[in-house]
Amino acid sequence: MARLSEDKINEIRSRSDIVEVVSKYIPLTKKGKNFVGNCPFHNDHDPSLTVSQDKQIYKCFACGAGGNVFNFVSAYENISFVESVVEVAKHSNIQISDIEIETYQQNPKFVSYYKINQAFIDYTSYILKSSVNNTIVDYLHKRGINDDLIKIFQIGYNPNDNAIYNYLKAKKFSDEEMINANIVRLTSQGLFDVFSTRITIPIHDKHGNPIAFTARRTIESDEAKYINTTETDCYIKGNVLFNYHRALPIAKKLVRVILVEGAMDTIAFYKAQIENVVATLGTACTKEQLKLLKQMNVKICVCYDGDDAGINATYKFGKLASEMGLDFEIVNNKSKLDPDEIIEQFGKDELIALSHKTISWIDFCFEYLQRKYHLENYSQKVEFAKEMKIEIDRIKESFLKENYFKKLYELTQFDMSKSIQTPQYEKRYIKKTHFKYGELAEYEILGQMMLSKQAVNIFKNDLGFLISPVCNQLSLYLINEYRKIDEIQIADLLNQIKEEEVKDLLIDLSDWELAPKELNIQVLNDAISKIHDKCLESRIKEMTELAIKMSNPLDKARIMNEIIELRRSQNKES
Ligand SMILES: [Zn+2]
């Protein structure tokens, strides 16, 4: 695991502003002394997410998500904690030295994969360039993939006769490493190159580390035209976008990214000098891939194939993307061709022109759903209107919304603009009288401890523990934190806590309506004796149960005496 010092983390936390950082991801509006916005962690329609500038924390009252600025970025971007610290530093223009960033980029668990994949790239590139395989280079050139593109995409060729296995073996890679990376396959006949006689194109993670390959066959056979690395420890197909690391800086500059289906489509756009392109490598776009797109924070332009499969994939993408609140439009590809075929038949300019002919997601839905539903059939027309309404409701601009509802009315005679929206999520408001992780007395003690070091000392001397394991754990964190500092910063303390429940409790407490505003020793002492009583009570209960079970009258009498003693001490205290 990569590390950053606690001091550095706290420095970044205190120099960044959670409101500023969160509003780079979702729009926030001021409400009282807090800010509110639509929660990105559930399907939120009316703002459930509260961001406190005071406390530098956020909390969603519908789904319960909460934490500090790092937790938000890490959950939103689906990255590790340390990565989120680096992200926040970037957002807030705080320098972290290269060495520190270096350690965060490469996950040591995966370094052996990067190494073997790089060796694979080196060898297959070398083979492609070597004169023996001019036929393969000719084939690529004929497809418009020139030497520059071969170099950019690190295109290679995996010869037959287990060439890659023998090469990697000579390079001292173990069979196990090769099998794990899915470069070599173990069969009952022995070990074989997975990509034998195929053109290979490496797939990288978002940092540019090689993690997998996609490969096209070069000889006619029953095998699939394209095969990819099967999932490995470091390659999960649905988590990756092809060409992301190369496209990101260009997409940022142009504020636009084009999403295509495959590696060859990406290369087709490069032929037309369009380089802000990423591919899903397979038709179904996953939530993780959408998160990567969202991180780019640019306009997304979907350019899937124009055939039925491509149109269906576009619809599936749109459903998910609109639910996740992505800003996207759709290339109106009526040609039934893929980008490469468009270049082949009509030339580069046609592809460039096409990439700018876009329609909105709602326009796409009108077209697509009119084919899916038969509007002459009454119940299908109702279904059509309902589905359209869901999508139109998500539009933010009111004039567009009005226009689309008008269009829907003209088609169906249903005025959906006025129908009442049923809330999709029951709000899970935390009742101020309901204590999720303990009881009132424990919350009071913790509340006092969060306020003052003195309360912590009283707690340590007079009680030292709490009954609920979650509350007890938080008390230990608080004690530990006061060893270093005199005043608790909730947003910093959150970084120390590993247990989700303890984090949740801390956030609940910091937002607790009844939380004390200043140290009140009377309240603290009362709460402490309540916990004492409770412990005595449970001890008495245990002993009574024990006494009932006992058959020896002498033992029974001894236990009963002890119970009486306990009762006496209980009365004395209260
Ligand atoms: Zn939420």
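This is a predicted model: local features need pLDDT of at least 70, side-chain atom pairs count only at pLDDT 80 or more; totals for chains, interfaces and linings use all residues.
1. Next, the parallel pairs. Four bridges link β12 and β14 in the parallel sense. Within that pairing, I258 has C301 in β14 as its bridge partner. β14 also runs parallel to β15, and three bridges join the two. There, I300 stands opposite F328 in β15.

2. How does the chain get from β14 to β15? It passes through helix α14 (residues 308-323). This β-α-β crossover is right-handed.

3. β15 (residues 328-331) pairs with β16 in the antiparallel sense, over two bridges. As background, strands of a sheet pair through backbone hydrogen bonds, either parallel or antiparallel.

4. Turn to the zinc site. Which residues hold the zinc ion? The protein donors are C39 (SG), H42 (ND1), C60 (SG) and C63 (SG). They lie 2.1 to 2.3 Å from the zinc ion. In sequence, the donor residues follow the spacing C-x2-H-x17-C-x2-C.

5. The site also links separate parts of the chain. C39 lies in the loop between β2 (34-37) and β3 (49-52), while C60 belongs to strand β4 (residues 57-60). The pair therefore ties together parts that are 21 residues apart in sequence.

6. Why is the arrangement around the zinc ion called tetrahedral? The four donor atoms subtend angles of 104 to 118 degrees there. Four donors count as tetrahedral if all angles lie between 85 and 135 degrees, so the zinc site qualifies. For reference, the ideal angle for four tetrahedral donors is 109.5 degrees.

7. Are C39 and C60 buried or exposed? C39 is buried, with a relative accessible area of 4%. C60 also counts as buried, at 0% relative accessibility. The cut-off used for buried is under 20% relative accessible area.

Conventions
Residues are numbered from 1 along each chain as its sequence is written. Side-chain values use heavy atoms; hydrogens and water are left out. Donors are N, O and S atoms within 2.8 Å of the metal (3.2 Å for Na, K and Ca); water is not among the atoms, so sites may look incomplete. Four donors count as tetrahedral if all angles lie between 85 and 135 degrees; four count as square planar and six as octahedral if opposite donors are over 155 degrees apart and all others between 65 and 115; anything else is irregular. Buried means under 20% relative accessible area, exposed over 50%, partly exposed in between (1.4 Å probe, protein chains only). Two strands pair if DSSP finds at least two bridges between them. A crossover is right-handed if, with the strands pointing away from the viewer, the path from the first strand over the helix to the second runs clockwise.
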